[in-house]
Amino acid sequence: MNILALDVGGTAIKSALINNGEILKGDECLSEARLGGPRLVENIMKTIDSYSDYDVISISTTGQVDSEKGCIIYANENVPDYTGTKLSMIIKKKYNKPVFLENDVNAAAIGEGFYGAGKGEKNFLCLTYGTGIGGAIVFNGKIYKGSNGVAGEMGHMVTHINGLSCNCGHKGCYEQYASTTALLRNAMAYDNTLNNGYLIFSELEQGNKEIKDIVDNWIDEIIYGLVNLIHIFNPSCIILGGGIMKQKYIINSINEKILNKIMDSFQGIKIVPAQLGNNAGVYGMAAIAEQRLKK
Ligand SMILES: [Zn+2]
């Protein structure tokens, strides 16, 4: 079975024709999401038009998704007029093939679980560190969605009482302290030329003690959130994604420090970086299409 998998993001639409876990053909184009939902849907169709010989269309997208109804529950101002789009129905009508829809963070988690860092794991968590912190809970090989379909907002666990204001409308959320944005904010308060991760970690490698303290404090913030999640979910594995996690110093420090902070009965946890990078979403949509067709 050939699966046409699309990963629709705020910047790009990544696509791949996948058979049995192997990418036969792949492509990437600009999504132009900022021009709004209708333009984004047009670009999704242009992408599909450039493929032939597929049996199923499987799409991951930015925004909160109702995967049963195949529609976008909510998309923020980065994609105007996308909220409410009945994407599965529109695509099914035009191409007359089965269509599956999932949120992009969930798709990436399933991709890592089936083909990447979590291969063989059944109960694991996936957290992505970037502007904010996204999360997915995988339980028995499937995404756990909660009663409203929106579980896994790890970025909005409150880790600081009366802490920094968050764009969710509340205060003290995990992502205000442990996201890549938080690291940049703290590093730039010390030296405003340190405006990306590579510069920060090259300063650290050159022995800058102040920067090392800033990075170590930020890693402690990451760890506190992970400790809470480990004690709640008892996962066998946690996968950490996002460009910043390519810095080995982070994963190594987390693994070194975290064992002293979790209860003995929770030992054995594996904390690993994501492996599939940009391809996690399309691999995940291939796995999700296979799962749902088996139903
Ligand atoms: Zn929040």
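Student: Among contacts between residues at least 6 apart in sequence, what percentage joins residues at least 24 apart?

Tutor: This is a predicted model, in which local features need pLDDT of at least 70 and side-chain atom pairs count only at pLDDT 80 or more, while totals for chains, interfaces and linings use all residues. Residues are numbered from 1 along each chain as its sequence is written, and side-chain values use heavy atoms, with hydrogens and water left out. A contact means heavy atoms within 4.5 Å. Among the contacts between residues at least 6 apart, the share that joins residues at least 24 apart is 61%.

Student: What radius of gyration does the chain have, and what would a compact globule of 295 residues have?

Tutor: The radius is taken over C-alpha atoms, and the globule rule is 2.2 Å times the number of residues to the power 0.38. For 295 residues the rule gives a value near 19 Å, and the chain agrees with it at 20 Å.

Student: How many helices and strands does the chain contain?

Tutor: Helices (H or I, at least four residues) and strands (E, at least two) are DSSP runs, numbered from the N terminus. On that basis the chain has nine helices and twelve strands.

Student: Is Cys166 buried or exposed?

Tutor: Buried means under 20% relative accessible area, exposed over 50%, and partly exposed in between (1.4 Å probe, protein chains only). Cys168, at 34%, counts as partly exposed. Cys166 has a relative accessible area of 8%, so Cys166 is buried.

Student: Which strands hold Lys14 and Glu28?

Tutor: A salt bridge is a side-chain nitrogen of Lys or Arg within 4 Å of a carboxyl oxygen of Asp or Glu. The side chains of Lys14 and Glu28 form such a pair at 3.7 Å, N to O. The two residues are 14 apart in sequence, so the pair ties together separate parts, namely strand S2 (residues 12-19) for Lys14 and strand S3 (residues 22-30) for Glu28.

Student: How many residues apart are Lys94 and Asp49?

Tutor: Their side chains meet in a salt bridge, 3.9 Å from N to O. This pair links distant parts of the chain, with Lys94 in helix H2 (residues 87-95) and Asp49 in helix H1 (residues 37-49), and the separation is 45 residues.

Student: Which helix holds both Asp213 and Lys209?

Tutor: The side chains of Asp213 and Lys209 meet in a salt bridge at 3.6 Å, N to O. Lys209 is exposed, at 56% relative accessible area, whereas Asp213 is partly exposed at 38%. The two residues are four apart, about one turn, and both lie in helix H7 (residues 209-233).
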